[in-house]
Amino acid sequence: MSNCSTSMAPARSFGTVCSPQLTSSLTQMCSMLDTAAEQMMVHKDFQAAFETCDRGLESLANMEQEDSRCGDFKAGFCILGIQALAELNQWHGVFSWVLQQYEHQETIPAKIMQMCILLYSKVGEPASMQEATRVWLHCPSNSRVTGFRTVAELYLLHVLVPLGHRDEAVELIVGEVGSAAFTEEQRQTALDVVEEKEQQNQEPPLNPGISPNSEITAHPVSNRGSVTRKLEAMLRFLYRNVLVAGSGSFSLRRVFLAALLLYMLFFRLDPALPSSFMWISKLLQLLRQMWTAMFAPYYQALIQRL
């Protein structure tokens with residue numbers, strides 16, 4: 001889950017929430033937020049970071065909302081808590097935990113909605129965010145918040161399109177949400193994306209009886225069969241030329257040179273590549289065996305004479 005957490009807001013962004021003018025209670029919240037960020041980013045103690053965020057949220061819930069920055073502290077604790085749960089591989093409980101902090105899903109900040117959409121899309125569960133995001137986007141007050149367009153875009157690209165909900169995607173683009181979130185050019189681009197995805201889904205596979213895994217496993221087998229056929233053809237050619245060389249009508253040196261060139265031509269091997277060592281050694285072994293078979297009797301006869 002490290003890929004998800006790295007795309008989220010860094011810990012130092014929470015420093016803008018803290019300032020010298022904070023009251024004692026909010027100063028304590030700022031200290032807890034810094035502690036959670038340090039546990040997350042520096043010590044990589046994700047469980048401790050989540051527990052610190054949970055305690056901070058409980059303290060905020062018991063406090064009177066004496067400052068408008070209480071909402072910023074709450075969002076900061078939630079953002080770090082989401083990252084901690086993701087790192088702990090407890091992503092399935094992220095949104096339910098967020099809903100415990102915000103009584104109504106329409107009041108969840110846009111940044112947190114974006115993080116939840118990306119997280120559930122990353123783990124292959126975009127449907128978990130479909131209903132909540134739909135409700136959030138159709139809340140009139142949210143259309144004026146910063147990040148509304150990003151939530152709509154993520155909902156379209158990471159939820160509706162992957163799930164194949166074309167009609168709802170088109171309705172989102174041309175409806176009130178699309179008019180509030182996108183420009184005319186952006187709406188047209190979004191429609192093109194939806195149509196292209198629909199066409200890709202309608203295209204039948206090249207061979208429905210063969211799954212992608214079977215294609216992958218069958219490919220090396222076919223390659224090995226092709227290599228075997230080339231090797232057999234080369235050996236037959238070499239054998240015929242060796243017979244000719246044995247009769248004295250063809251130079252044996254030329255036979256070996258032709259065999260080597262044909263071998264390199266057929267297999268397109270670069271002698272400098274490590275992958276070529278095995279094939280070159282096989283060829284060398286074959287040539288040694290042929291040399292022994294052809295000239296061993298002469299050497300044996302010579303030794304017996306000496």
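Predicted model: local features only at pLDDT ≥ 70, side-chain atom pairs only at ≥ 80, totals over all residues.
**Exercise 1. Phe-148 and its ring partner**

Decide whether Phe-148 is buried or exposed, and find out which type of aromatic pair Trp-136 and Phe-148 form.

*Step 1.* Residues are numbered from 1 along each chain as its sequence is written, and side-chain values use heavy atoms, with hydrogens and water left out.

*Step 2.* Check the accessibility. Buried means under 20% relative accessible area, exposed over 50% and partly exposed in between, with a 1.4 Å probe and protein chains only. Phe-148 has 3% relative accessibility, so Phe-148 counts as buried. Trp-136 is buried too, with a relative accessible area of 0%.

*Step 3.* Turn to the rings. Rings of Phe, Tyr and Trp (its six-membered ring) pair if their centres lie within 6.5 Å; planes under 30 degrees apart count as stacked, over 60 as edge-to-face and the rest as tilted. For Trp-136 and Phe-148 the centres are 6.0 Å apart with 25° between the planes, which makes the pair stacked.

*Step 4.* Helices (H or I, at least four residues) and strands (E, at least two) are DSSP runs, numbered from the N terminus. Trp-136 belongs to helix α7 (residues 130-137) and Phe-148 to helix α8, so the pair ties together parts that are twelve residues apart in sequence.

**Exercise 2. Another aromatic pair**

Work out how many aromatic pairs the whole structure has, and how the rings of Trp-91 and Tyr-120 are arranged.

*Step 1.* The search of the whole structure gives three aromatic pairs.

*Step 2.* The ring centres of Trp-91 and Tyr-120 are 6.1 Å apart and the planes stand at 85°, so this pair is edge-to-face.

*Step 3.* Distant parts of the chain are linked here: Trp-91 sits in the loop between α4 and α5 (94-101), Tyr-120 in helix α6 (residues 110-122), and the two are 29 residues apart. Tyr-120 is buried, at a relative accessible area of 4%.

**Exercise 3. Helix α4 and what follows it**

*Step 1.* With 18 residues (70-87), α4 reaches 26 Å from its first C-alpha to its last. That is close to the 26 Å expected at 1.5 Å a residue, where the expected span is 1.5 Å times one less than the number of residues.

*Step 2.* Most residues other than glycine have a negative phi. Just after α4, Asn-89 takes a positive phi of about 60°. Asn-89 is in the loop between α4 and α5, and at 48% relative accessibility it counts as partly exposed.

*Step 3.* Lys-44 lies in the loop between α2 (24-41) and α3 (46-62), and is exposed, with a relative accessible area of 52%.

**Exercise 4. The cavity**

Find which residues line the largest cavity, and which element gives the most to that lining.

*Step 1.* On a 1 Å grid over the protein atoms alone, a cavity is a set of points where a 1.4 Å probe fits but cannot get out, and lining residues have an atom within 4 Å of a point. Grid points are joined across faces, edges and corners, and a volume is the space filled by probe spheres set on the points.

*Step 2.* One cavity of 30 Å³ or more is present, and the largest holds about 60 Å³ of space.

*Step 3.* Its lining consists of Leu-160, Val-161, Gly-164, His-165, Arg-166, Ala-169, Val-194, Lys-197, Glu-198 and Asn-201. Two or more residues each come from α8 (148-163), α9 (166-174) and α11 (184-202), and α11 gives the most, with four residues.

*Step 4.* Sort the lining by type: four residues are nonpolar, three polar and three charged. Here Ala, Val, Leu, Ile, Met, Phe, Trp, Tyr, Cys and Pro count as nonpolar, Asp, Glu, Lys and Arg as charged, and the others, Gly among them, as polar.

Terms used
1 Å grid on protein atoms, 1.4 Å probe; cavity = no way out; pocket = protein on both sides within 12 Å on 5 of 7 lines; lining within 4 Å.
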